[in-house]
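Here's a quick briefing to read alongside the structure. Grab a viewer and follow along topic by topic.

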Amino acid sequence: MALKRDLAIGIVMGLIVGMASGYAITAQEINSLRSQILGCQLRIEELEEIMPPLRSLAEARGILIGAAVGYGPLKTEPLYAETLGREFNILVTENALKFEPLHPSRDRYNFEDADAIVSFAESNDMKVRGHTLVWHHQLPSWVTTGNFTREEWIGILRKHIIAVVKRYRGRVYAWDVVNEAIADDGSLRDTIWLRGIGPEYIDLAFGWAHEEDPQARLFYNDYGGEGLTQKSDAIYNLAKGLLERGVPIHGVGLQMHISLESSPKPQEVAANIHRLAELGLEVHITEMDVRIKHPVTEDKLSAQARVYREMFEVCLSAENCKAFVMWGFTDRHSWIPSFFEGYGSALIFDDSYALKPAYYALSRFLLNDLIEYRRLENN
Ligand code: XIL
């Protein structure tokens with residue numbers, strides 16, 4: 001088995017080298033791997049052994065693939081850290097960079113967890129998405145109960161953003177500068193920041209972040225704006241307005257927290273990503289999970305695999321969609337069961353770290369796509 005896995009990795013390396021140098025790997029090598037993997041001549045456990053990790057396939061295809069990370073399991077579960085480093089080339093801090101854990105009192109910051117996660121990423125050659133500088137949830141009580149003037153609110157947000165972005169300057173690839181600022185009806189969400197500062201808080205936040213780290217890619221991130229909806233129109237208009245005012249925004253994050261019953265239409269997601277490309281913006285899928293209503297059945301797991309594959313395909317087909325990030329990777333550590341009653345099993349590894357059909361769907365799709373891509377490049 002180890003030999004087969006080496007062979008598979010060797011072939012992928014061949015694809016990578018071949019893509020760079022124009023050196024063609026033999027059709028025989030490709031066909032052998034293709035028939036073993038795609039033709040399913042192997043049993044599922046055997047497939048597990050031979051398939052190259054997602055990140056090798058993704059790197060060869062020039063896309064980032066990632067997951068949200070919690071410091072707790074990273075510290076205590078060796079299998080968590082091992083799987084994360086092996087499979088993904090980007091991570092996002094699930095909670096560690098949010099205002100509440102990071103800045104619990106006015107003059108105190110707690111960088112410990114975020115520092116550890118960022119170091120882990122660096123030692124595993126992974127990029128980091130920083131989540132999130134401005135949000136209306138997970139705020140400390142000194143902020144939520146504070147009674148400040150507009151000038152003071154501006155000072156608080158400015159100081160927070162500067163301290164955090166400065167600390168990780170050059171180490172965070174992309175920041176979710178503003179998270180969920182738009183309500184479902186498309187209006188600006190009524191938040192503590194809107195009330196305290198006015199709509200300019202969004203422009204200001206991007207400006208401060210850019211000043212502290214001009215290299216970082218700056219994103220507006222939201223949910224429910226994946227397909228063509230009132231909300232995605234509002235996100236588009238917000239981004240367009242920011243660009244027109246010269247605000248440094250580089251991309252839009254589509255969270256993609258979806259369920260089998262509520263998944264957006266792939267053509268609509270593609271059209272939405274395309275109109276953002278026309279504004280010159282990048283897109284990242286930032287928090288994908290596909291929750292399943294209990295009981296979990298084989299059929300539902302297959303349907304889930306299809307949804308993951310479809311959304312991945314949409315991202316991979318769009319020039320400007322550069323990262324596909326899930327909100328975790330193992331069902332053992334997922335926010336879904338505690339936030340959506342009666343739902344679970346939303347990620348691509350199960351709660352014992354075994355690969356689910358959704359994992360194979362991504363991996364097979366990537367491999368197949370890579371082979372096609374190589375073939376087209378050679379013709
Ligand atoms: C969630 C985390 O996963 C939970 O651990 C936490 O208790 C609440 O927040 N949209 C976001 C994320 O932008 O920050 C949220 O993360 C999930 C929804």
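Met-256 is buried, as 27 other C-beta atoms lie within 10 Å. Bear in mind that this is a predicted model. Overall, the protein has 17 helices and 10 strands, and buried residues make up 42% of its 379 residues.

- Met-256 sits in the loop between strand 6 and strand 7 (257-259). Its phi is near 65°, a positive value in a residue other than glycine.
- Ser-345 also has a positive phi without being a glycine, in this case near 50°. You'll find Ser-345 in the loop between strand 10 (343-344) and helix 17. With 23 other C-beta atoms within 10 Å, Ser-345 is buried.
- The peptide bond from His-131 to Thr-132 is cis, with omega near 0°. Thr-132 belongs to strand 3.
- Another cis peptide bond runs from His-294 to Pro-295, again with omega near 0°. Pro-295 lies in the loop between strand 8 and helix 15.

**The nonpolar core and Trp-175**

- The largest nonpolar core has 102 residues. Leu-91, Trp-175, Val-177, Ala-205, Ala-209, Tyr-308 and Met-311 are the ones with the most contacts inside that core.
- Helix 17 (residues 357-378) gives the most to this core, contributing 8 residues.
- Trp-175 is part of strand 4. Is Trp-175 buried or exposed? It counts as buried, because it has 31 C-beta neighbours inside 10 Å and the cut-off for buried is 20 or more.
- Leaving aside neighbours within four places in sequence, Trp-175 touches Gly-130, Leu-133, Val-165, Ala-209, Ala-216, Leu-218 and Phe-219.
- His-131 is 44 residues from Trp-175 in sequence, yet their C-alpha atoms are 6.2 Å apart in space.
- Across the whole protein, take the contacts with a separation of 6 or more: 77% of them join residues 24 or more positions apart.

**Helix 10**

- Helix 10 (residues 150-167) has 18 residues and reaches 26 Å from its first C-alpha to its last, close to the 26 Å expected at 1.5 Å a residue.
- Which residues of helix 10 are buried? They are Ile-156, Leu-157, His-160, Ile-161, Val-164 and Val-165.
- Looking down the axis of helix 10, those buried residues fall within an arc of 135°, so they line one face of the helix.
- As background, an α-helix has 3.6 residues a turn, so residues three or four places apart point the same way.
- Glu-151, Gly-155 and Lys-166 are exposed on the other side of helix 10.
- The buried residues of helix 10 pack against several elements, namely helix 7 (99-102), strand 3 (127-134), strand 4 (174-179), helix 11 (192-197) and helix 12 (200-212). One of them, Val-165, is in contact with Trp-175.

**Helix 14**

- Helix 14 (residues 266-278) spans 18 Å from first C-alpha to last with its 13 residues, close to the 18 Å expected at 1.5 Å a residue.
- Val-269, Asn-272, Ile-273 and Leu-276 are the buried residues of helix 14.
- Seen down the axis of helix 14, the buried residues fall within an arc of 95°, so they line one face here too.
- Gln-267 and Glu-278 are exposed, on the face of helix 14 turned away from its buried side.
- The cover over the buried residues of helix 14 includes helix 13 (230-244), strand 6 (251-254), strand 8 (282-293), helix 15 (298-317) and strand 9 (321-326).

**Around the ligand**

- Which residues are around the ligand? The list is Glu-94, Asn-95, Asn-179, Gln-255, Glu-287 and Trp-335.
- That shell divides into 1 nonpolar, 3 polar and 2 charged residues.

**An exposed arginine**

- Arg-86 is located in helix 6 (residues 78-87).
- Arg-86 is exposed, because it has 12 other C-beta atoms within 10 Å and a residue with 12 or fewer counts as exposed.
- Ser-56 and Arg-86 are 30 residues apart in sequence, and their C-alpha atoms are 9.0 Å apart in space.

Methods: Residues numbered from 1 in each chain as written. Predicted model: local features only at pLDDT ≥ 70, side-chain atom pairs only at ≥ 80, totals over all residues. Core = buried A, V, L, I, M, F, W, Y, C linked by C-beta atoms within 7 Å. Helix = DSSP H or I, 4+ residues; strand = E, 2+ residues; numbered from the N terminus. Near = placed C-beta within 6 Å. Nonpolar A, V, L, I, M, F, W, Y, C, P; charged D, E, K, R; others polar. Expected span 1.5 Å × (residues − 1). Arc of directions from axis to C-beta. Contact = placed C-beta atoms within 7 Å.
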